[in-house]
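Please look through the sequence and the fold below before reading on. The report then takes the parts one by one.

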Amino acid sequence: MKITDAKVFVGGPGKNYVTLKVTTDQGVYGLGDATLNNRETLPAKYLTDYLIPNLIGLDPRRSEDIWQLFYRGAYFRRGPIAMAAIGAIDMALWDIKAKLANMPLYQLLGGKSRDSALVYAHATGADLEDLMDSVAAYIEQGYKAVRVQCGIPDMPTASYATPDAKGGTEPFITDFSGIRPKTEIWDSEKYMRFMPGALAAIRDRFGPELKILHDVHHRLLPREAAAFAKEVEQVGLFWLEDPTPAEDQDALALVRQHSTTPIAIGEVFNSIWDCNKLIEKELIDFIRVAVTYAGGITHVRRIVDLAGQHHVRTGFHGAPSHSPISMAAQAHLNLWAPNFGIQEYLVLGTPACDTLFPSDHYVANGMQHVSEAPGLGVDFDEAEAERYEYKPGSHPIVRLEDGTLWNY
Ligand code: CS2
Ligand code: MG
């Protein structure tokens, strides 16, 4: 069996998805996602210029050897661009293999460990009252877990993932406003004075059952993160996410030392070497890698297995930057992983997105249900894809009030 062609498509409704389609001499094709948010053209070029010319002619069933070829063979290893490109190929080869086996992909991983997977939605508000309304709306829809992000009083601009005005929704991470980023102003002291009380008020309002998650989004210093995690201990968060940048994995020991608040980190990681210390030293409770950014199913499975040896559960990233293809791959991993925790889920399902990526994966009552179709259980409409093209967009940058460049 041989790979005969591979094509890359960049674009989509409201988002620059980077979709890979790998075709074989037996007519079976596989799909992969290389969407690196706001840098989409780079994994696309890595695929077209470097990986695809070396993929043609190979046996698609040799997914492990192909992964090693593109990881070790690069010489310059790792990094989000290369790992997203490798991830897309890996997803496509797993898709092909499962189609050949005429099985939904989770069967090749080891079958079901559960029949459906818990997801969490994103509640947001310009102020606490607005946020409470957003939380109530998701509970009404049956969600059992909700991430809460709130506008901070006296903050000069809206904060991460919060609307400019009441009733607004989370700003989309790519607004196609061009490659020059907007600027958000941040003040950790204002955040630390307000947010713990807001989280406690949400707990008081909605009771002990609701799984409450909060994303600090890398904004605090390790000491501040330790103090924050300690102060919210009684709120009983399901997790506190990215409390401090984790390039310095050891810094999380300070947070662990001062609090039992569960910690979730990993969405910006692209290999096991970004998180092995966090896992082996048990400094986190949830690993947040994304199947696209972290090299596909083959590599993420290794991270999940390492995490499973250290009481760390999965909490795969699933922001609107993710394509239905990577969300499908994660859905299969969620059904298999013995140490599954939760899946981030933003309602991607706009009619235009569903038309581009037909699938019968679905979420109901806060639970993700996986397609029983052979393979990933998602397709790609090439004719529909012709309607879209790449449009530059960027994350905001963040500065402190004195102009210091900070963490987005
Ligand atoms: C966020 C992401 O979903 C999350 O937890 O951290 O939305 C993140 O802001 C984007 O993926 C950045 O591209
Ligand atoms: Mg996050």
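## About the model

This is a predicted model, in which local features need pLDDT of at least 70, side-chain atom pairs count only at pLDDT 80 or more, and totals for chains, interfaces and linings use all residues. Residues are numbered from 1 along each chain as its sequence is written, chains are lettered from A and ligands numbered from 1 in the order in which they are written, and side-chain values use heavy atoms, with hydrogens and water left out.

Helices (H or I, at least four residues) and strands (E, at least two) are DSSP runs, numbered from the N terminus.

## The three-stranded sheet

Strands of a sheet pair through backbone hydrogen bonds, either parallel or antiparallel. Here, three strands form an open sheet in the order E1-E2-E3, with antiparallel pairing. Two strands count as paired if DSSP finds at least two bridges between them. Strand E1 (3-10) and E3 are the edges; each has a single partner strand, so one side of each lacks a neighbour in the sheet. On average, neighbouring strands are turned by 20 degrees against each other, direction ignored.

E1 pairs with strand E2 (residues 18-24) over seven bridges, in the antiparallel sense.

H3 lies across E1, E2 and E3, at about 145 degrees to E3. Angles run from 0 to 180 degrees between N-to-C directions, and axes are lines fitted to C-alpha atoms, for helices over the stretch in contact. Contact means heavy atoms within 4.5 Å.

## Helix H2 and its partners

H2 packs with H3 at about 170 degrees, and their axes are 10 Å apart. That makes H2 roughly antiparallel to H3. Angles under 35 degrees count as roughly parallel, over 145 as roughly antiparallel, 65 to 115 as roughly perpendicular and the rest as oblique. From H2, the contact includes Ile-66, Trp-67 and Phe-70; from H3, it includes Ile-86, Ile-89 and Leu-93. Its residues divide into eight nonpolar, one polar and two charged. Ala, Val, Leu, Ile, Met, Phe, Trp, Tyr, Cys and Pro count as nonpolar, Asp, Glu, Lys and Arg as charged, and the others, Gly among them, as polar.

Helix H2 (residues 63-72) also meets helix H10 (residues 296-308): the axes come within 9 Å and cross at roughly 90 degrees. H2 is therefore roughly perpendicular to H10. Glu-64, Trp-67 and Gln-68 of H2 touch Thr-298, His-299 and Arg-302 of H10. This contact has one nonpolar, three polar and two charged residues.

## The magnesium site

Which residues coordinate the magnesium ion (ligand 2)? They are Asp-215 (OD), Glu-241 (OE) and Glu-267 (OE), at 2.0 to 2.2 Å. Donors are N, O and S atoms within 2.8 Å of the metal (3.2 Å for Na, K and Ca); water is not among the atoms, so sites may look incomplete.

The donor residues are spaced D-x25-E-x25-E in sequence. Asp-215 lies in strand E7 (residues 211-215) and Glu-267 in the loop between strand E9 (263-265) and helix H9 (276-280), so this pair ties together parts 52 residues apart in sequence. Asp-215 is buried, at 3% relative accessible area. Glu-267 is also buried, at 10%. Buried means under 20% relative accessible area, exposed over 50%, partly exposed in between (1.4 Å probe, protein chains only).

## Two asparagines with positive phi

Asn-38 has phi near 70 degrees, a positive value in a residue other than glycine. Asn-38 sits in the loop between strand E3 (29-33) and helix H1 (41-55). Is Asn-38 buried or exposed? At 1% relative accessibility, Asn-38 is buried.

Asn-102 has phi near 55 degrees, also positive. Its loop joins helix H3 (80-100) and helix H4 (106-109). Asn-102 is exposed, at 57% relative accessibility.
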